[in-house]
Amino acid sequence: MAEQAWQKEVFDVLKEGGVRQIAFVPDAGHAYAIRAAENDPDIDAVLLTNEQEGVGVVCGAWLGGQRAVLLMQSSGVGNCVNMFSLLENCRFPFLTLVTMRGEYAEFNPWQSPMGRRTEAVLELMGIRVYRVDRADEVAEVVHAAFDSAFLAGEQVAVLLGQRLIGRKNWVGK
């Protein structure tokens, strides 16, 4: 996937906002932010074995006086539902950036059910949802979500739509 300017803008918002930990499961849609975090001496890039671990990492970072963000794909949201109760009960600020699958030109039918339900699942768990489908809106929306999380103490998810990320190509056609 070719790097796009909006991907750098996402990382820049996080960096300028003082994020010190970025938790992630490898994902092509987040590749720029992951690489940038891994190469930044001021940010700990935390590789997860599954997305639910990231909820704990982000909450633990806050308890330790740091800001952290969870990067995941829409399919990973389903893995976090039980851990989202930690956010509600403890009222931790929370920001996750979610690359969407199961939408525009999806080739993998296993991605579609969660892709259709991601926003609803997040909202049912009490998480405010912002969505971006256009590159020219990314920086503003991510910045607004950042402020909602770390200034207002809310739990926020930004959905990065599949049209924004770009069409996935299946090599094994």
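In which loop is aspartate 136 found? In this predicted model, aspartate 136 is located in the loop between strand E5 (128-132) and H7. Its relative accessibility is 58%, so aspartate 136 counts as exposed. Aspartate 136 and valine 13 are separated by 123 residues in sequence, and their C-alpha atoms are 14 Å apart in space.

Helix H7 (residues 138-150) packs against helix H1, with the two axes coming within 9 Å and crossing at roughly 25°. H1 is therefore roughly parallel to H7, the limit for this class being an angle under 35 degrees. The crossing of H1 past H7 is right-handed. On the H1 side the contact is made by Trp6, Glu9, Val10, Val13 and Leu14, and on the H7 side by Val138, Ala139, Val142, His143 and Phe146. By class, the residues of this contact comprise 8 nonpolar, 1 polar and 1 charged.

The contact of H1 with H2 consists of 5 nonpolar, 1 polar and 1 charged residues. The buried residues of H2 are Tyr32, Ala33, Ile34, Ala36 and Ala37. These buried residues of H2 pack against H1, E1, strand E2 (44-47) and E3.

In soluble globular proteins, nonpolar side chains tend to be buried together. The largest nonpolar core of the model has 31 residues, and Leu14, Leu95 and Val158 are those with the most contacts inside it. At least two residues of this core are supplied by each of H1, strand E1 (19-24), H2, strand E3 (67-73), strand E4 (94-99), H7, strand E6 (155-160) and helix H8 (162-165). The greatest contribution to this core comes from H7, with 7 residues. When neighbours within four places in sequence are left aside, leucine 95 is in contact with Leu14, Ala68, Val69, Leu70, Ala145, Phe146, Ala149, Phe150, Val156 and Val158. Another core, of 27 residues, lies apart from the largest one and includes Val77, Phe84, Met114 and Ala157.

Strand E4 also holds valine 98. Valine 98 counts as buried because its relative accessibility is 0%. Beyond its neighbours within four places in sequence, valine 98 is in contact with His30, Met72, Gln73, Ser74, Val77, Thr118, Val158, Leu159 and Leu160. For one of these residues, serine 74, the C-alpha to C-alpha distance to valine 98 is 5.8 Å, at a sequence separation of 24 residues.

Leucine 48 is placed in the loop between E2 and helix H3 (51-63). With a relative accessibility of 6%, leucine 48 counts as buried, the cut-off being under 20%. The residues in contact with leucine 48, leaving aside its neighbours within four places in sequence, are Ala23, Phe24, Val25, Glu53, Gly54, Val57 and Leu70. Leucine 48 and proline 26 are 22 residues apart in sequence, with 8.4 Å between their C-alpha atoms.

Two arginines were also examined. Arginine 91 lies in the loop between helix H5 (84-90) and E4. Most residues other than glycine have a negative phi. Arginine 91, although not a glycine, has a positive phi of about 55°. Arginine 117 belongs to helix H6 (residues 112-124). At 43% relative accessibility, arginine 117 counts as partly exposed. The C-alpha atoms of arginine 117 and tyrosine 32 are separated by 26 Å, and the two residues are 85 residues apart along the chain.

Note on methods:
Residues numbered from 1 in each chain as written. Predicted model: local features only at pLDDT ≥ 70, side-chain atom pairs only at ≥ 80, totals over all residues. Heavy atoms only, no water. Nonpolar A, V, L, I, M, F, W, Y, C, P; charged D, E, K, R; others polar. Axes fitted to C-alpha atoms, helices over the stretch in contact; angles between N-to-C directions. Helix = DSSP H or I, 4+ residues; strand = E, 2+ residues; numbered from the N terminus. Parallel < 35°, antiparallel > 145°, perpendicular 65-115°, else oblique. Left-handed = near helix turned anticlockwise from the far one by under 90°. Contact = heavy atoms within 4.5 Å. Core = buried A, V, L, I, M, F, W, Y, C linked by side-chain atoms within 4.5 Å. Buried < 20%, exposed > 50% of the residue type's maximum accessible area, 1.4 Å probe, protein only.
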